[in-house]
Amino acid sequence: MDKQETTPRDDAIRLLARRDYSRAELVSRLTSRGHERADIALALDGLAEEGLQSDARFAEQFVRSRVFRGQGEMKIRAELSSRGVSDEMAREALESEAPDWHRLACEALAKRFDSPGREPRERAKRERFLASRGFDFDQVRHAMAHAWDTDP
């Protein structure tokens with residue numbers, strides 16, 4: 001092994017030093033660096049046993065960061081799924097954070113727009129904004145009615 005060649009474990013630790021990654025994300029990144037899948041699996045199994053990589057911890061931190069950004073449950077679930085997190089683990093992470101989705105939708109809407117809009121076209125724009133953020137129909141309707149209340 002020459003000086004420039006690294007092991008999957010070394011590369012994974014370097015990645016994890018910056019932020020948490022899901023196992024699927026690490027597999028993808030390590031594969032793109034030319035590591036063999038079997039070696040990657042062994043390295044990631046070891047890191048998981050040592051507590052250095054955890055999909056559950058990744059999911060919890062991911063949910064927390066997305067809630068802080070004002071994103072809704074549907075978008076967060078989809079993003080977790082695209083990162084290889086199981087539906088069960090995503091559900092647990094969302095339940096542990098347990099935000100008030102209606103209040104979050106109100107805050108996101110009021111932060112972006114100063115009123116519900118007078119024209120149907122303006123209202124539709126606000127509704128599309130919330131839908132693109134991952135809020136469901138009920139949360140969008142609630143936010144459109146209460147985002148600019150003094151106490152949403």
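Reply: We begin with how helices are named: a helix is a DSSP run of H or I of at least four residues, numbered from the N terminus. The model is a predicted one. In it, the loop between α3 (37-49) and α4 (55-68) holds Q53.

Me: Is Q53 buried or exposed?

Reply: Buried means under 20% relative accessible area. Q53 has a value of 4% and is therefore buried.

Me: Which residues surround Q53?

Reply: With neighbours within four places in sequence left aside, Q53 contacts L16, Y21, S22, R23, L26, L47 and A48. The side chain of Q53 also makes a polar contact of 3.0 Å with that of D55.

Me: How are α1 and α2 oriented to each other?

Reply: An angle over 145 degrees counts as roughly antiparallel, and 65 to 115 as roughly perpendicular. The axes of α1 (residues 8-18) and α2 (residues 23-32) cross at roughly 125 degrees and come within 10 Å, so the two helices are oblique to each other. Their crossing is right-handed.

Me: Which residues meet where α1 and α2 are in contact?

Reply: From α1 come P8, D11, A12, L15 and L16, which meet L26, R29 and L30 of α2. Sorted by class, this contact comprises six nonpolar, two charged and no polar residues.

Me: Where is H142 placed, and what does it contact?

Reply: H142 belongs to helix α9 (residues 137-146) and is partly exposed, at 24% relative accessible area. Beyond neighbours within four places in sequence, H142 touches H102, C106 and A147. The C-alpha atoms of H142 and C106 are 7.6 Å apart, although 36 residues separate them along the chain.

Key:
Residues numbered from 1 in each chain as written. Predicted model: local features only at pLDDT ≥ 70, side-chain atom pairs only at ≥ 80, totals over all residues. Heavy atoms only, no water. Axes fitted to C-alpha atoms, helices over the stretch in contact; angles between N-to-C directions. Parallel < 35°, antiparallel > 145°, perpendicular 65-115°, else oblique. Left-handed = near helix turned anticlockwise from the far one by under 90°. Contact = heavy atoms within 4.5 Å. Nonpolar A, V, L, I, M, F, W, Y, C, P; charged D, E, K, R; others polar. Buried < 20%, exposed > 50% of the residue type's maximum accessible area, 1.4 Å probe, protein only. Polar contact = N/O pair within 3.5 Å; in protein donor to acceptor, adjacent residues only side chain to side chain.
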